[in-house]
Amino acid sequence: MSTDYKRLTRDGLWDNNVVFAQGLALCPTLAVTSTATNGLGMGLATTAVLVVSNLLVSSVRNIVSPAVRIPVYIVLIATLVTLVDMALNAWVHELYKVLGLFIALIVVNCAILGRAESYASKNSLIPSMVDGLMMGLGFTLALVILGGVREVLGSGTLFASASLLLGKAFSFMELTIIPDYKGFLLMILPPGGFMALGFLLAGKRVWDGRKA
């Protein structure tokens, strides 16, 4: 049976989005999205783990006993997260300091183990990698949108400190959306994250309802 890559893409980015549809990984989603830059960094790190973990799980699916598959998957994911954590610390240290503990907590991100168990363990390499990539990009999109909304409303900027956290090559992303804006502190604080996420979830529900 041929793989429907278009469906995988739509599921990952919208219909089955990790945050907006499944309601998973809300801890890092709310904790690191005070700016769009933080959301982008966390999303890309998670995407890397999703893609490679799906690849590895798909590779060993026929040789791992069903009785021990979950511990094996967790060990693989934990190894990948450790490598990502070390890479960020070495090459993007400023971003690493901002994201901190939440990089290590990717290990317990339900979306990663969920895709490994529900999709990668039942499908071949390429579809599994595509599934991981699309789910990761959908998660990244959700974090960037939420972080962007909070940042614009909270401080009037977008992708602030991108060059500091991601490197000088990303300085073009730093924008001032509302000049001379005094800021709305609530949106940068945790309650603002819950409020913004609630409105975004409601907006997605309305959009999907109208399309249906």
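Let's start with Asp 15, which forms a salt bridge with Arg 10 in this predicted model. The closest N and O atoms of Asp 15 and Arg 10 are 2.8 Å apart. A side-chain nitrogen of Lys or Arg within 4 Å of a carboxyl oxygen of Asp or Glu counts as a salt bridge, so this pair qualifies.

Next, find Arg 69 and Glu 117. Their side chains meet in a salt bridge, with 3.0 Å from N to O.

Lys 97 and Glu 94 both sit in helix H5 (residues 93–99), 3 residues apart, which is about one turn of the helix. Their side chains meet in a salt bridge at 3.5 Å, N to O. Glu 94 is partly exposed, and its relative accessible area is 31%. Coming back to the residues we began with, salt bridges that share partners link Arg 7, Arg 10, Asp 11 and Asp 15 in one network. How many salt bridges does the model have by this rule? The count comes to 7.

Finally, turn from side chains to whole helices. Two packed helices are described by the angle between their axes and the distance between the axes. Follow helix H3 (residues 36–60) and helix H8 (residues 125–155): their axes come within 8 Å and cross at roughly 165°. Angles over 145 degrees count as roughly antiparallel, and H3 and H8 are therefore roughly antiparallel to each other. The crossing in which H3 passes H8 is right-handed. Which classes of residue make up the contact of H3 with H8? By class, there are 15 nonpolar, 14 polar and 2 charged residues in this contact.

Terms used
Residues are numbered from 1 along each chain as its sequence is written. This is a predicted model: local features need pLDDT of at least 70, side-chain atom pairs count only at pLDDT 80 or more; totals for chains, interfaces and linings use all residues. Side-chain values use heavy atoms; hydrogens and water are left out. Axes are lines fitted to C-alpha atoms, for helices over the stretch in contact, and angles run from 0 to 180 degrees between N-to-C directions. Helices (H or I, at least four residues) and strands (E, at least two) are DSSP runs, numbered from the N terminus. Angles under 35 degrees count as roughly parallel, over 145 as roughly antiparallel, 65 to 115 as roughly perpendicular and the rest as oblique. A crossing is left-handed if the near helix is turned anticlockwise from the far one by less than a right angle, and right-handed if clockwise. Ala, Val, Leu, Ile, Met, Phe, Trp, Tyr, Cys and Pro count as nonpolar, Asp, Glu, Lys and Arg as charged, and the others, Gly among them, as polar. Buried means under 20% relative accessible area, exposed over 50%, partly exposed in between (1.4 Å probe, protein chains only).
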